[in-house]
Amino acid sequence: MVIDIETAGLIRDASRVLEVAGAFVQGKTIVDTFDAVIWPGEWVLKDWRYKESIEIHKLTPEKLRDGLSAETAAGRFRDWLDVCSVDVTAYPRSYDSSFLIQDPFLVCAPKYRWVACLMSTAIKRLGYKAKLGALAIDLGIQRDGLAHTGLSDAKVAAEILLKISEEKIEVSR
């Protein structure tokens, strides 16, 4: 299970989760996905500090206003995780998990097990560090043009997981 979140802001304590997404990998295939946009509150839309990050994630005020409450999104996300898997990771794991282990998400032990960071695993396997999009290009993974959106990034990270799990890796670097 590969999880991705998109936030308004880059500083953990001042950020709000705007989107939570996941891609469930079974064997060598993505078999299911989840995506929920979260309404952060009108004040986030009015605060100039969050404007750029909201635009980067391609979230319009209308789309955010139609989003779920954090509690509803978290409940649906946990329900989806329960059906799919208990082992979760992210690219990078430390930032995403810092939000998801907190209330209202509570994606934490003992019910859910965070496994090795996908970024760290890629660095060990390939020998270099790269951002998600650059690594996707290096591994020949096609992007859908929606970089920095939760579901697209979760799917790409899942494809990276599948590629770096292969015995022999072709890198175009």
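This is a predicted model: local features need pLDDT of at least 70, side-chain atom pairs count only at pLDDT 80 or more; totals for chains, interfaces and linings use all residues.
Q: Two strands pair if DSSP finds at least two bridges between them; how many bridges join S2 to strand S3 (residues 29-37)?
A: DSSP gives eight bridges between S2 and S3, which run antiparallel. The cut-off is at least two bridges, so S2 and S3 pair.

Q: What makes S1 and S4 a pair, and do they run parallel or antiparallel?
A: Strand S1 (residues 2-8) and strand S4 (residues 87-90) share two bridges and run parallel. That meets the requirement of at least two, so they pair. Valine 2 stands opposite threonine 89 in S4. Strands here are DSSP runs of E with at least two residues, helices are runs of H or I with at least four, and both are numbered from the N terminus.

Q: Why do S3 and strand S5 (113-114) stand at the edges?
A: The open sheet of five strands goes S3-S2-S1-S4-S5, with mixed pairing. S3 and S5 each have a single partner strand, so one side of each is left without a neighbour in the sheet.

Q: Why is the pair of tryptophan 43 and tyrosine 50 called edge-to-face?
A: The structure holds five aromatic pairs. In this one the ring centres are 5.8 Å apart and the planes at 80°. Rings of Phe, Tyr and Trp (its six-membered ring) pair if their centres lie within 6.5 Å, and planes under 30 degrees apart are stacked, over 60 edge-to-face and the rest tilted. So 5.8 Å makes a pair and 80° makes the pair edge-to-face.

Q: Which of the two is buried, and which is partly exposed?
A: Tyrosine 50, at 6% relative accessible area, is buried, and tryptophan 43, at 40%, is partly exposed. The limits are under 20% for buried and over 50% for exposed, with partly exposed in between (1.4 Å probe, protein chains only).

Q: How do you know that tyrosine 95 and phenylalanine 99 are edge-to-face?
A: Their ring centres are 5.1 Å apart and their planes at 70°, so the pair is edge-to-face. They sit four residues apart in helix H5 (residues 93-100), about one helical turn. Tyrosine 95 is partly exposed at 23%, while phenylalanine 99 is buried at 5%.

Q: What makes up the largest nonpolar core?
A: A nonpolar core is a set of buried Ala, Val, Leu, Ile, Met, Phe, Trp, Tyr and Cys residues joined through side-chain atoms within 4.5 Å. The largest has 24 residues, and those with the most contacts inside it include Tyr91 and Leu135. H8 gives the largest share, seven residues. Apart from it lies another core, of 23 residues, Val20 and Trp80 among them.

Q: How do you know that the buried residues of H6 line one face of the helix?
A: Leu118, Met119, Ala122 and Leu126 are buried in H6. Down the axis, the buried residues fall within an arc of 100°, so they line one face; the arc is that of the directions from the helix axis to the C-beta atoms. They pack against S1, S4, H7 and H8, where contact means heavy atoms within 4.5 Å.

Key: Residues are numbered from 1 along each chain as its sequence is written. Side-chain values use heavy atoms; hydrogens and water are left out.
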